[in-house]
Amino acid sequence: MPDLDGGHYFFTALLPIDNSGIVEHGAFKSSPAHMVRDALEALPTALQSPASEQTGIQSPFARSLRTHFVRLFVIDAAFYNGRDPADSIVSAIKATDLLAAQSSDRLACPYLAFVADFDPLAGADEPRAWLEDLWTVASRELTTVFDYCYGFDAKGDAAAFAGFVLKGQVETTMPFNDYWTVPPPFPTLSPLQLAAPPMLLGGLGLLFAAAEHVSLGLGLLLGLMGLIAGVAIDYAWVMRRGAASLPTAPTSTLRDVLKALYLQQAFTRFAIEHQGAPPAQLRAAFARFVAATRPDDLSGPTQPPGVIRSRLAPESADA
């Protein structure tokens, strides 16, 4: 699957940490990898729990109205999946020592993993444009995290930061699409479409053999070759369709999602407060509710990014 899928950009970068020396800060000494971990630990999270709400310190990524999710973490070593799978009978015949260690992958240095899901801008050079926007709103916090990565220039501008991160980008092979509320319109091929290439090419092989008056065996061979070629065309056709990006889910940008969360909470309160109301009163109250919440206006009122609940104005719930 491509990085751009379902109308969202799924960004992944692995950035090597310069772990060659010792960092001295005051009376303490640390490794660069631990300094990155300390910066990540000090980075405020979104206000998505009672404990984090009490701090009142919002995540810097909430300043971006295109960013859905961001995750940053340090990778010290490649994950060990255990021994390479092998046939137990073959291993017994070869007298393989299953207790002998096999070679495993090792990293030359720790890596900072940078994973994000954001709304791409139409016609923009993504993910460069998103990285530059992110630097303009959170350069101070980003500097504390990326400061010990190879090649990072703390005095650089937004373009320099984007160029630095893009050097470590890797393809996101399995993006997570969670905004489709109905089955997406997957591209399909009918049985007739799939049957056409093998039948056509196989038939052409037989017709050529008949026209040239070749032997029956050669004619069948030509027909079989045409049939195989048709199946190969079908395989390439199906794989190409399968590799195509999913279309954009309706109303799946961050602004749409925030507005939906706001309306969900506001309407829940409205429904609770107007249980059993007479139809005329309910109709008038709902008209005031729509006027106050403005469902089609993504600019507001809406839920702020990075919070778990909306601060509803009294009129939004018709209280």
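Ala, Val, Leu, Ile, Met, Phe, Trp, Tyr, Cys and Pro count here as nonpolar, Asp, Glu, Lys and Arg as charged, and the others, Gly among them, as polar. With these classes, the lining of the largest pocket divides into 18 nonpolar residues, eight polar residues and one charged residue. The structure described in this report is a predicted model.

## Pockets and cavity

The largest pocket holds about 700 Å³ of space. Its lining is made up of 27 residues, and A46, Q48, H68, F69 and V70 are those that lie nearest its centre. Strand β5 and helix α8 each supply at least two residues of this lining. The greatest contribution comes from β5, with six residues.

The second largest pocket has a volume of about 270 Å³. Of the 16 residues that line the second largest pocket, T181, P250, T251, V257 and A260 lie nearest its centre. By class, the lining of this second pocket has ten nonpolar, three polar and three charged residues.

The space in the largest cavity amounts to about 50 Å³. The residues lining the largest cavity are G6, H8, F10, D117, F176, N177, D178, Y179, W180, A249 and S252. Five of the residues in the cavity lining are nonpolar, four are polar and two are charged.

## The sheet around strand β6

An open sheet of four strands runs in the order β1-β2-β6-β5, and its pairing is antiparallel. Strands β1 (4–5) and β5 stand at the edges with a single partner strand each, so one side of each is left without a neighbour in the sheet. Strands of a sheet pair through backbone hydrogen bonds, either parallel or antiparallel.

Strand β6 pairs with strand β2 (residues 8–16) in the antiparallel sense over eight bridges. On this side, P16 stands opposite Y111 in β6. Strand β6 also pairs with strand β5 (residues 67–75), again antiparallel and over eight bridges. Here T67 stands opposite F118 in β6, and the bridge partner of F69 is D117 in β6. F69 is also among the residues nearest the centre of the largest pocket, while D117 is one of the residues that line the largest cavity. Strand β6 is mostly covered, as six of its eight residues are buried.

## Aromatic contacts

The structure holds 18 aromatic pairs. A pair of aromatic rings is described by the distance of the centres and the angle of the planes. Two of the pairs are set out below.

| Ring pair | Distance of centres | Angle of planes |
|---|---|---|
| F118 and W130 | 4.4 Å | 0° |
| F267 and F270 | 6.0 Å | 25° |

Planes under 30 degrees apart count as stacked. The planes of F118 and W130 are at 0°, so this pair is stacked. This pair links distant parts of the chain, with F118 in strand β6 (residues 111–118) and W130 in helix α4 (residues 128–146), twelve residues apart. F118 is buried, because its relative accessible area is 0%. W130 is likewise buried, with a relative accessible area of 0%.

The pair of F267 and F270 has its planes at 25° and is therefore stacked. Both residues belong to helix α8 (residues 254–273), and because they are three residues apart, about one helical turn separates them. F267 is partly exposed, with a relative accessible area of 40%, whereas F270 has 4% relative accessibility and so counts as buried.

Ring pairs also join Y9, F11, F114, F118, W130, W135, F146, F152, F161 and F164 into a cluster. A further contact involves a charge: the charged end of R71 sits over the ring of F73, 4.6 Å from its centre.

## An exposed loop residue

N81 is found in the loop between β5 and α3 (88–93). With a relative accessible area of 69%, N81 is exposed. The C-alpha atoms of N81 and L189 are separated by 38 Å, and the two residues are 108 residues apart along the chain.

Notes. Residues numbered from 1 in each chain as written. Predicted model: local features only at pLDDT ≥ 70, side-chain atom pairs only at ≥ 80, totals over all residues. Heavy atoms only, no water. 1 Å grid on protein atoms, 1.4 Å probe; cavity = no way out; pocket = protein on both sides within 12 Å on 5 of 7 lines; lining within 4 Å. Points joined across faces, edges and corners; volume = space filled by probe spheres on them. Phe/Tyr/Trp six-rings, centres within 6.5 Å; stacked < 30°, edge-to-face > 60°. Buried < 20%, exposed > 50% of the residue type's maximum accessible area, 1.4 Å probe, protein only. Lys NZ or Arg CZ within 6 Å of the ring centre and 35° of its normal. Pairing = 2+ DSSP bridges.
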